[in-house]
Amino acid sequence: MLTKVAVFILFGGLAMSHIDDAHSNPSGLQDLINSVRADASRLSGLEEKVLRVAIAEAVTWNDGSMGCGGTGQSYTQALVPGYRIRIEGGGKTFEYHANERGSWKLCPTGLVPEAGGPVRK
């Protein structure tokens, strides 16, 4: 398995990273949760132990934007199997969307749609 180098884009509140394939590794979802919780801790300044997982569910995204695309951006027009993970703590909420390979991104506030979002698995 390849581990990809983490990439962080901090402009516009977007953070992206990559980890190993979450489906081929039985602990992949837990690894994904650990990664996004660490990111939420870094962004919020809160300790990881005070952050809770409010949602961790398998979904199928309608396209390559994984439910949080940006204006003027182009995305693959295909269903994308993945996960939605919501981390909460200290009055803050962080919504992370991932594909099944483990690539994830933090959806900027206000870009987390219910309509046009994932198709539930």
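What follows is a set of questions about the terms used for this structure, each answered from its definition.

Trainee: What kind of model is this, and how are residues numbered?

Mentor: This is a predicted model, in which local features need pLDDT of at least 70 and side-chain atom pairs count only at pLDDT 80 or more, while totals for chains, interfaces and linings use all residues. Residues are numbered from 1 along each chain as its sequence is written, and side-chain values use heavy atoms, with hydrogens and water left out.

Trainee: How many helices and strands are in the chain, and what makes a stretch count as one?

Mentor: The chain has 1 helix and 6 strands. Both are DSSP runs numbered from the N terminus: a helix is a run of H or I of at least four residues, a strand a run of E of at least two. Starting at the N terminus, the order is β-α-β-β-β-β-β.

Trainee: Why is N99 called buried?

Mentor: Buried means under 20% relative accessible area, exposed means over 50%, and partly exposed lies in between, with a 1.4 Å probe and protein chains only. N99 has 8%, so it is buried. By the same rule I85, at 1%, is buried. Of the 121 residues of the chain, 37% count as buried.

Trainee: Which residues of α1 are buried, and what covers them?

Mentor: G28, L32, I33, V36, D39, A40, S41 and S44 are buried in α1. Their cover includes β2, β3, β4 and β5. As background, an α-helix has 3.6 residues a turn, so residues three or four places apart point the same way.

Trainee: Why is β4 described as largely enclosed?

Mentor: Because 6 of its 8 residues are buried, β4 is largely enclosed by the rest of the structure.

Trainee: What makes β3 and β4 a pair?

Mentor: Two strands pair if DSSP finds at least two bridges between them. β3 and β4 have 8 bridges, in the antiparallel sense, so by the definition they pair. One of the bridges joins G82 to N99, and N99 lies in β4. The two strands form a hairpin with 2 residues between them, and G90 in the turn has a positive phi of about 60°.

Trainee: How many bridges join β4 and β5?

Mentor: There are 3, again antiparallel. A98 has W104 in β5 as its bridge partner. This hairpin has 4 residues between the strands, and G102 has a positive phi near 100°.

Trainee: What does I85 touch?

Mentor: Contact means heavy atoms within 4.5 Å. I85 lies in strand β3. Leaving out residues up to four places away in sequence, I85 touches L29, L32, I33, V36, V53, I55, A56, F94, E95 and Y96. I85 and E95 are 10 residues apart in sequence, and their C-alpha atoms are 6.0 Å apart.

Trainee: What makes a group of residues a nonpolar core?

Mentor: The members must be buried Ala, Val, Leu, Ile, Met, Phe, Trp, Tyr or Cys residues, joined through side-chain atoms within 4.5 Å. The largest such core here has 13 residues, and I85, I87 and Y96 have the most contacts inside it. The elements giving two or more residues to this core are α1, β3, β4 and β5. The largest share comes from α1, with 4 residues.

Trainee: How do you know that C68 and C107 form a disulfide?

Mentor: A disulfide is a pair of cysteine sulfur atoms within 2.5 Å. The sulfur atoms of C68 and C107 are 2.1 Å apart, so the pair meets the definition. A search of the whole structure finds 1 disulfide. C68 lies in the loop between β2 and β3 and C107 in the loop between β5 and β6, so the pair ties together parts that are 39 residues apart in sequence.

Trainee: Are the two cysteines buried or exposed?

Mentor: Both C68 and C107 are buried.
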